[in-house]
Amino acid sequence: MSEKQRLLSGMRPTGRLHLGHQRVIEYWAQLSEKYEAYWFTADWHAITTQFDNTEQLRDNRREIVIDWLSAGLDADKCHIFHQSEIKEHAELHLLFSMITPLSWLERVPTYKGQVAAFAEQGKDITTYGFLGYPLLMAADILMYRPVGVPVATDQMPHIEFCRELVRRFHHLYDTRIFPEPAPIFSKIEILPGTDNRKMSKSYDNFISLSATAEEVKSKVWSMVTDAERIRKTDPGHPDICAVYAYHGFYNKDEQPELCAACKAGAIGCGECKKKLTERINAFLEPVRDKRAYYEQHPAVLDEIIADGNDAARSEAQKTMAMVREAMRL
Ligand code: TRP
Ligand code: SF4
């Protein structure tokens with residue numbers, strides 16, 4: 001494993017993952033074959049916006065790991081750990097904070113955007129901790145000296161921030177201990193929400209990986225179709241229909257046929273949705289089985305995470321020794 005190049009990424013444990021995440025997890029699983037991979041729950045990052053609601057955090061970070069394992073991550077091929085179990089992240093964050101100009105943090109575009117979005121919901125997140133979100137993220141990343149960080153494109157400003165910080169650190173302490181990590185963007189096609197908008201927690205337009213067969217059915221039933229289509233014989237417009245888009249992901253073989261039938265007014269939306277429900281449920285069946293396994297064997301899950309934490313901690317200790325040396329601490 002040690003000859004492979006290293007990658008790292010994390011997700012904030014803010015609730016159950018959905019079908020949109022499933023594709024990211026599959027991508028992580030692929031990367032785990034070729035790279036030495038570290039995947040972690042960013043539980044401290046979750047607190048930056050949910051400081052008033054921490055009681056779910058412990059469950060959430062466990063659930064997200066179950067989601068990862070049941071949706072495709074192989075624990076034997078990667079290291080899975082919790083950010084807050086590796087206290088070195090806090091030390092590195094603190095040391096980095098000494099060299100980070102406030103203006104760098106204030107100008108990260110996600111900062112103002114998120115502050116405004118939360119303000120709209122009546123919540124003030126202008127804390128010291130939230131301002132430092134990219135700094136904590138830089139500490140997460142650099143702690144493992146990875147060559148790359150697989151992230152969604154919205155995280156680009158954070159990676160850029162991290163790279164700038166590397167240059168500043170190297171310049172100040174006349175060292176070169178960190179690689180400048182590259183963002184890694186996958187070519188994953190984005191699954192739209194069930195209402196055809198962007199899939200998002202706040203819109204409640206997603207299907208959870210842990211959804212029961214009944215829940216899948218009712219979600220698919222409520223999906224947005226061609227609203228102009230009243231009767232089965234009305235010619236439909238699949239291109240504006242979320243059900244049709246989902247067939248492209250979960251029923252690829254039949255999709256062209258369904259397209260023609262819809263346009264010709266030869267299939268009803270009910271039947272089309274029924275087919276989709278079956279396909280999504282067939283897809284989720286093995287995911288549910290794996291989830292059930294980890295729920296019934298908590299000690300197995302504990303061991304996976306404990307092993308991941310140990311591997312992460314040992315790398316973190318090496319990095320901190322280098323950082324303290326570079327800073328003459
Ligand atoms: N900010 C990332 C997100 O919301 C989560 C995250 C925290 C992360 N620390 C990280 C991702 C380090 C990659 C590397 O998606
Ligand atoms: Fe959408 Fe299917 Fe209805 Fe056509 S038949 S509008 S693709 S749900």
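These legends accompany several close-up views of a predicted model.

Residues are numbered from 1 along each chain as its sequence is written, while chains are lettered from A and ligands numbered from 1 in the order in which they are written. Because this is a predicted model, local features need pLDDT of at least 70, side-chain atom pairs count only at pLDDT 80 or more, and totals for chains, interfaces and linings use all residues, with side-chain values resting on heavy atoms and leaving out hydrogens and water.

**View 1. The surroundings of ligand 1.** Let's start with ligand 1, which has 13 residues around it (near means that a heavy atom of the residue lies within 4 Å of the molecule). The closest are Arg12, Tyr133, Met137, Asp140 and Gln155. Arginine 12 places a polar side-chain atom 3.2 Å from an oxygen atom of the ligand. For tyrosine 133, a side-chain N or O atom is 2.7 Å from a nitrogen atom of ligand 1. Aspartate 140 likewise has a side-chain N or O atom 2.7 Å from a nitrogen atom of ligand 1.

View 2. Helices (H or I, at least four residues) and strands (E, at least two) are DSSP runs, numbered from the N terminus. In α8, 10 of the 10 residues are buried (under 20% relative accessible area; exposed is over 50% and partly exposed lies in between, with a 1.4 Å probe and protein chains only). Among these buried residues are Tyr133, Met137 and Asp140, which also belong to the closest residues around ligand 1. In the loop between α8 (133-142) and β4 (148-150) you will find arginine 145. Arginine 145 is not a glycine, yet has a positive phi of about 45°. It counts as partly exposed because its relative accessibility is 22%.

**View 3. Strands β1, β2 and β3.** Here β1 and β2 pair in the parallel sense over 6 bridges (two strands pair if DSSP finds at least two bridges between them). Glycine 10 stands opposite phenylalanine 40 in β2. Strand β2 (residues 36-41) also pairs with β3 in the parallel sense, over 4 bridges, and tryptophan 39 stands opposite isoleucine 80 in β3. How many residues of β2 are buried? The count is 6 of the 6, so β2 is largely enclosed by the rest of the structure. Strand β1 (residues 6-11) is mostly covered, with 5 of its 6 residues buried.

**View 4. The cavity of ligand 2.** The space that ligand 2 takes is the largest cavity. On a 1 Å grid over the protein atoms alone, a cavity is a set of points where a 1.4 Å probe fits but cannot get out; a molecule sits in one if more than half of its atoms lie within 2 Å of its grid points. The elements giving two or more residues to the shell around ligand 2 are α11 (242-250) and α13 (269-296). Which residues surround ligand 2? They are Thr225, Asp226, Arg229, Cys241, Val243, Tyr244, Cys262, Cys269 and Cys272. By class, the shell holds 6 nonpolar, 1 polar and 2 charged residues (Ala, Val, Leu, Ile, Met, Phe, Trp, Tyr, Cys and Pro count as nonpolar; Asp, Glu, Lys and Arg as charged; the others, Gly among them, as polar).

**View 5. The loop between β5 and α10.** Asparagine 196 lies in the loop between β5 (182-184) and α10 (213-221). Its phi is near 75°, a positive value in a residue other than glycine. With a relative accessible area of 33%, asparagine 196 is partly exposed. Isoleucine 207 is found in the loop between β5 and α10, and counts as buried at 1% relative accessibility.

View 6. Glutamate 257 sits in helix α12 (residues 255-263) and counts as exposed at 56% relative accessibility. Its C-alpha atom is 48 Å from that of asparagine 53. Aspartate 289 lies in helix α13 and is partly exposed, with a relative accessible area of 48%.

Conventions:
1 Å grid on protein atoms, 1.4 Å probe; cavity = no way out; pocket = protein on both sides within 12 Å on 5 of 7 lines; lining within 4 Å. Polar contact = N/O pair within 3.5 Å; in protein donor to acceptor, adjacent residues only side chain to side chain.
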